[in-house]
Amino acid sequence: MTQAEIKLCSLLLQEHFGEIVEKIGVHLIRTGSQPIRVIVHDTRTSLDQVKKALCVLIQHNLVIYQVHRRGMVEYEAQCSRVLRMLRYPRYIYTAKTLYNDTGELIVEELLLNGKMTMSALVKKVADRLTETMEDGKTMDYAEVSCTFVRLADTHFVQRCPLVHATENSDPGPPPPAPTLVINEKDMFLVPKLSLIGKGKRRRSSEDDATGEPKAKRPKHTTDNKEPIPDDGIYWQANLDRFHQHFRDQAIVSAVANRMDQTSSEIVRTMLRMSEVTTPSSAPFTQPLSSNEIFRSLPVGYNISKQVLDQYLTLLADDPLEFVGKSGDSGGGMYIINLHKALGSLATASLESVVQERFGSRCARIFRLVLQKKHLEQKQVEDFAMIPAKEAKDMLYKMLSENFISLQVTNNVIIINQQSWTRVRETPEEIPKTPDHAPSRTFYLYTVNILSAARMLLHRCYKSIANLIERRQFETKENKRLLEKSQRVEAIIASMQATGAEAAQLQEIEEMITAPERQQLETLKHNVNKLDASEIQVDETIFLLESYIESTMKRQ
Amino acid sequence: MAALRAERASPAVESVRDCRSLESGSFLSLPTFRLLFCPSLEALVLSEQNLPTFLVQLVAMAGNKGRGRAAYTFNIEAVGFNRGEKLPDVVLKPPPLFPDTDYKPVPLKTGEGEDYMLALKQELRETVKRMPYFIETPEEKEDIERYSKRYMKVYKEEWIPDWRRLPREMMPKKKYKKAGSKSKKVDNTSKDTSLTNTADVLKKIEELEKRGDGEKSDEENEEKEGSKEKNKEGDEDEEDDAVEQEEYDEEEHEEENDYINSYFDNGEDFGADSDDNMDEATY
């Protein structure tokens, strides 16, 4: 865990759960797993508050616990899960694009509450939907649970591990912590519930004057005391599935940019077909025959089998190797090389970062080194066709920023003149002198994509932390003004409700002076920009993380 | 102390640290050059331990051959400096907080999706503050209570964690017992009185909703008749005592455990401890 990540975790926890939870969470991230007593002692927080904070963190799946020997319970923070909080808006938006408002609200509630039972979730979402609808209309529970079932079927939501039921006959004291078991089979199994009812509108106090709805409310609260049918079965958002979706989208849009819309549609179809059959971490999708792909193409997409085959051959021949051919049976078997695709995407973002930071000439050098694998300084200057002095300057700049690395070797390398790559290295070639005598040493420039991606990822974390801090600073600076505008807005709203005259309203509106209004505008603009940057830096983070993860798995 | 020193490290030490971050790949990076040409290299090195060994070697070499250009163990022309050319200046201060950039950043992506996500993000930020999971720090009392503050308070709905899923020690024992009895009581009272006086009870419930758990049961107690109340209080006192006794026992027990743990030191703890110290030192 780097400092930048811890800093970011701290800011995120503080924004979501307040300072106490942040203190406990960051302490756990720094120190690893710890029993409660040590946490209390080290953070100098009261036992009660530590307990509360841990409850919150466990509820949100940010902390897990484990029973140690001697019956001690140790708590461990899930740092990478904490960082996922950055992506919440994106998860919610994805749910909206796939499953409309109902899906959006289901995922939003799950993320806000960490975990929920299906019945509670359906009720809450139906209530919220009803509130946004016109008067007289309500949302049916059945409709919401239908969307929920679809989300579970496509694995976007999953069950939390169940509490392992212990037999009552078990003698001795109960265990200090429940054991949670994951039942692979039932991960996405929706309990059979007969949720009948409609979403209820939260009444404002004036509505209660009739007395009739008032009588209903307590009934509703007592309803809750009845045994819940799916008691103990909690659901959470399946973030890995969301990531798989993001990855697929990135691949599809990359293909669309590189080739055309039709080929991207073909790749999309292939990815959709293998969604269920391929685990999200696999390097390749399952082989699909061109006949299968043809049958699964979306209706209304009119391309003949021949054209499809041509497209597939074209895709397989592409040097980026997004699509590969794995066999000839069934009209040709095709796979999507997910690992390669992520690698290409990560490399492309590295290239564009270099281009935007150091200019196009540096980008040329960077691409050159990337392509030729190893290059000496003189070769860089020659191949890039940039004056030696400038080339040196650029090379050193990128070297000091860790985009390019330097390999110092005094191995005798036989170089194939055509490709400039190392072809052979036999034991005899190991130098007799182990020193780095300059005359016998080669300084080779290379791009280590993995370490460059790690470095860039680290910078992304840092920049998001900076963005959040800047946003908090901007808001704090203008706190008084913000409060004032909130108050004025509240007054205007209440006056409008009582039917005040336009002149009166205007008078109140003028309580905020023109310069103040301007200041508010600037603030809003700045905060929007900072927020948007946060979201977009997170996209890069996602790409780099997926690449690093998939590369680490292959090694 | 160590943490303090690291935090206020002199700029020169900063550049040493730069080097350390590079130690994995290369040792001919620019910061290394800066170091090489730093006039007080020995002093600099002494202030920071754990220097990569190559630096120490360089220092030793410099010491042997005397300072100056002749000290390099390699041909500086190989890295692009001609004979007699001016070498880059020594950097003795940390990089600026807001450095000038040669290239302006590209504008952010805009579009329907981006706008929606932005709105979602800002809404989410407000919503989490109203969730019961947001634990506020007990703020210190201000001298003058601002009138507006009373209205700015948000009432959060209560959240009762599912204790079955949490370790037993999480459970606030006292509260849990009360909560159990309370829910029963609420049921009873509401059933009993709902026929006779609906409005009253409703008011009561509404009031109760706004208050904390502890107060609730107190209220309930007040509702009961005298004799019952006494009984109840007695019960609760006993309960409290029992709980206290239990907690005390547990504490003693755990203390014992702690002792045993530390006595039979298997060496793991030591490692962990030293890790901790290291962590602290880097801040």
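**View 1. B:Lys109 is partly exposed, at 44% relative accessible area (the class between buried, under 20%, and exposed, over 50%, with a 1.4 Å probe and protein chains only).** The model is predicted: local features need pLDDT of at least 70, side-chain atom pairs count only at pLDDT 80 or more, and totals for chains, interfaces and linings use all residues. Residues are numbered from 1 along each chain as its sequence is written, chains are lettered from A and ligands numbered from 1 in the order in which they are written, and side-chain values use heavy atoms, without hydrogens and water. B:Lys109 forms a salt bridge with B:Glu114, at 3.8 Å from N to O (the term requires a side-chain nitrogen of Lys or Arg within 4 Å of a carboxyl oxygen of Asp or Glu). Over all chains, the structure has 32 salt bridges.

**View 2. A salt bridge joins A:Glu516 to A:Lys484, with 3.1 Å between N and O.** The two residues are 32 residues apart and belong to distant parts of the chain: A:Glu516 sits in helix 21 (residues 514-554) of chain A, and A:Lys484 in helix 19 (residues 479-498) of chain A. Helices (H or I, at least four residues) and strands (E, at least two) are DSSP runs numbered from the N terminus. A:Lys484 is partly exposed, with a relative accessibility of 23%.

**View 3. A:Asp531 and B:Lys121 form a salt bridge, with 3.8 Å between the closest N and O atoms.** The pair joins two chains, because A:Asp531 is part of helix 21 of chain A while B:Lys121 is part of helix 6 (residues 112-130) of chain B. Both A:Asp531 and B:Lys121 are buried. They also belong to a network of salt bridges that links A:Glu15, A:Arg471, A:Asp531, A:Glu534, B:Lys121 and B:Arg125.

**View 4. A:Tyr93 and B:Tyr116 are one of the nine aromatic pairs that the structure holds over all chains.** Their ring centres are 5.7 Å apart and their planes 40° apart, so the pair counts as tilted; Phe, Tyr and Trp rings (for Trp the six-membered one) pair if their centres lie within 6.5 Å, with planes under 30 degrees apart counted as stacked, over 60 as edge-to-face and the rest as tilted. A:Tyr93 is in helix 6 (residues 88-113) of chain A and B:Tyr116 in helix 6 of chain B, so this pair joins two chains. B:Tyr116 is partly exposed, with a relative accessible area of 28%. An aromatic cluster is formed by A:Tyr88, A:Tyr91, A:Tyr99, A:Phe156, A:Phe242, A:Phe246 and A:Phe542.

**View 5. Strand 3 (residues 73-77) of chain A pairs with strand 1 (residues 34-35) of chain A and with strand 2 (residues 63-67) of chain A.** Pairing requires at least two DSSP bridges between two strands. Strands 1 and 3 of chain A are antiparallel and share two bridges, A:Gln34 having A:Tyr75 as its bridge partner. Strands 2 and 3 of chain A are antiparallel with five bridges, and A:Val63 stands opposite A:Ala77. These two strands make a hairpin with five residues between them, and A:Arg70 in the turn has a positive phi of about 70°. Strand 3 of chain A is largely enclosed by the rest of the structure, because four of its five residues are buried.

View 6. Strand 4 of chain A is joined by two bridges to strand 8 (residues 234-237) of chain A, where A:Trp235 is the bridge partner of A:Met116.

**View 7. The largest nonpolar core has 125 residues, of which A:Leu54, A:Tyr75 and A:Ile365 touch the most other members.** Helix 18 (residues 449-477) of chain A gives the most to this core, 12 residues. Another core, of 24 residues, lies apart from it and includes A:Met270, A:Leu288, A:Tyr311 and A:Phe322. A core is a set of buried Ala, Val, Leu, Ile, Met, Phe, Trp, Tyr and Cys residues joined through side-chain atoms within 4.5 Å. Beyond its neighbours within four places in sequence, A:Ile365 is in contact (heavy atoms within 4.5 Å) with A:Val380, A:Ala384, A:Ile386, A:Ala391, A:Met394, A:Leu395 and A:Met398.
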